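Colleague: Could you walk me through this one? I have a few questions lined up.

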Amino acid sequence: MDEQIADIVVIGGGSAGCVAAARLSDDPTLSVVLLEAGPRDNDPMIAIPAGYARIFVDGRYEPGFATQPEPHLENREIGWPRGRVLGGSGSVNGLVYLRGSPHDYDRWAQAGARGWSYADVAPIFKGLEAWQGEPSEARGADGPIEVREPRKLSAACQAFIDSAVKAGLPRFRDVNDGGPIEGVGPVQMNIAGRFRASPARAFLKPLRHRPNLRIVTGARALRIVFEGKRAVAVETPRGVFRARKEIVISAGAIETPQILMLSGVGDAAHLAQHGIACVAHAPDVGRNLQDHLIGKFIFRVKPCGTLNELLASPLGWLKMGWDWLAHAAGPLTVSAGEATAFLKTSPDLEEPDAQLLFVNFATFKFADGLLPVPSVMVNYGPCRSESRGSIELAGTDPYARPVIRANYLSDARDMDVMVGAARFCRRIFEHAPFRDLLEEELRPGKLGDDAIRESIAKTASTVYHPCGTARMGSDERAVVDPELRVRGVEGLRVADASVFPLIPSSNIQPAALMVGARVAEFIKRGA
């Protein structure tokens, strides 16, 4: 293989990797190579915010990950879509931009991730964004990634918010302002004008002519080469990329532990099963896997401008296209959900333990298309799942999909939170104006906690937030230390959602972006 040399090699052009490469290349004395397994992000379906639905259905950037049969979900295998394309899952996700609760990061620090409290990371969040709403000290105005609320809410979404307020939830002023997250309001989205503000578009595109930054696509990391205990190079189908100073793995919560294990960093016994020489015994690589699980209420509603109605009519298509082109508004500029709510399933809780997401369309399965009637969904699930899973190697082939065990609902507390969240949803549904839109509950369709549990077991699925598989901490079993250095080796760091000690309360992309910014900060100051 040809050998190429740079100061820093970043593996993975997803959310964290894009930020890390961009921020590292701000230093003109550093040469940076970013390796992305997938292609460039020049697909118009990536640029159009609502294009995520088409990408999801046809799986054009989908590596095909799925869990093993999940015992508490009727032994169903749960697909785990990811984005194998420049920008990673940030190029194909639902564009929901939520930091989570400030307490999430305080819990990280308390769990051993010193220097990662909310006070530590809040300035990073602020510096990432260009907030398009009401200015505040908590929000950034000049960052690379534009964040805003929908310009106009659908009638059903507004009705949902109004009814949730009547059910007892406060109305958000700004869910990302660093205050309590309990409440309901429009989601915030990473959208610039009429286009997706993906990590690649926001952080890399403005730097495409920077001489010290090279982006290589189609360059899947096969393994990391060590000389003794020092990581020195990355083998890819495009050649060997040698790092003079450091290698940063930003391949995501699934592939980062896979790359580590294939390279000899992992549980020694597991590596020995596959005949892999152990460079560093790291038993928690691939452990501590966490994800958000959701159940769904699905309703047939009175005609009120749902996406199901618009897509059933040629005039509806024309209206959506005109709104997008002329006004940078309408359904084509809306994320996977229009409104979100955070609530307590018990009044004695310190903060919300469940999240809701209102969606102005409905489908039983994306692959089957939208329902042929006006319909909406309300998704619900735990903010901070207690269940833990794992990722293990299936073999030594770097192209083989790893063995994923999410172990959803293995901790009974998660089911309790889901049932409590569903009960609160029913309180919302009892209030006008949302109540007056409802025609028929299609899922779960029956009253009572037993019906909720049955629906969850048969239909609940991922919210696409896997994390935690290369846990950050100060203890000896932590995979990386608080400066994101891999323990037991030199010249190697991890920066992506795999380092999260605990899953944040909300959608996780902003947290991944923040981690990418921090690893660049650590490397540049020599930490």
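This is a predicted model: local features need pLDDT of at least 70, side-chain atom pairs count only at pLDDT 80 or more; totals for chains, interfaces and linings use all residues.

Colleague: Good. Where is Pro433 found?

Modeller: A cis peptide bond joins Ala432 and Pro433, with omega about 10°. Helix 12 covers 412–429 and helix 13 covers 434–437. That puts Pro433 in the loop between helix 12 and helix 13.

Colleague: And which peptide bond has omega near 0°?

Modeller: That one involves Pro444, which sits in the loop between strand 20 (438–443) and helix 14 (449–459). The bond is cis and runs from Arg443 to Pro444.

Colleague: How do helix 4 and helix 5 lie to each other, parallel, antiparallel, perpendicular or oblique?

Modeller: Helix 4 (residues 102–110) and helix 5 (residues 118–128) have axes 8 Å apart and pack at about 125°. Roughly perpendicular stops at 115 degrees and roughly antiparallel needs over 145. The pair is therefore oblique.

Colleague: Which residues of helix 5 make the contact?

Modeller: On the helix 4 side you have Pro102, Tyr105 and Asp106. Counting both sides, the contact has 5 nonpolar residues, no polar ones and 1 charged. From helix 5 come Tyr118, Val121 and Phe125.

Colleague: Is Leu95 buried or exposed?

Modeller: Leu95 lies in the loop between helix 3 and helix 4, and its phi is positive, near 65°, though it isn't a glycine. Buried means under 20% relative accessible area. Leu95 has 0%, so it counts as buried.

Colleague: What does Glu74 count as?

Modeller: Glu74 is also in the loop between helix 3 (52–58) and helix 4, and has a positive phi of about 55° without being a glycine. Its relative accessibility is 47%, and exposed would need over 50%. So Glu74 counts as partly exposed.

Colleague: Which residue's backbone oxygen lies 2.7 Å from a polar side-chain atom of Ser385?

Modeller: Ser385 is in the loop between strand 17 (375–382) and strand 18 (390–392), and is buried at 6% relative accessible area. Residues it touches include Gln290, His292, Asp414 and Ile503. The backbone oxygen in question belongs to Asp291.

Colleague: Last one: what is the radius of gyration of the protein chain?

Modeller: The chain comes to 15 helices and 22 strands. For 527 residues the globule rule gives 24 Å, and the chain's value is close to that, so the chain is as compact as a globular protein of that length. The radius of gyration is 22 Å.

Key. Residues are numbered from 1 along each chain as its sequence is written. Side-chain values use heavy atoms; hydrogens and water are left out. Axes are lines fitted to C-alpha atoms, for helices over the stretch in contact, and angles run from 0 to 180 degrees between N-to-C directions. Helices (H or I, at least four residues) and strands (E, at least two) are DSSP runs, numbered from the N terminus. Angles under 35 degrees count as roughly parallel, over 145 as roughly antiparallel, 65 to 115 as roughly perpendicular and the rest as oblique. Contact means heavy atoms within 4.5 Å. Ala, Val, Leu, Ile, Met, Phe, Trp, Tyr, Cys and Pro count as nonpolar, Asp, Glu, Lys and Arg as charged, and the others, Gly among them, as polar. Buried means under 20% relative accessible area, exposed over 50%, partly exposed in between (1.4 Å probe, protein chains only). A polar contact is a pair of N or O atoms within 3.5 Å; within protein, one must be able to donate a hydrogen and the other to accept it, and residues adjacent in sequence count only if both atoms are side-chain atoms. The radius of gyration is taken over C-alpha atoms; the globule rule is 2.2 Å times the number of residues to the power 0.38. Lists of a residue's contacts leave out its neighbours within four places in sequence.
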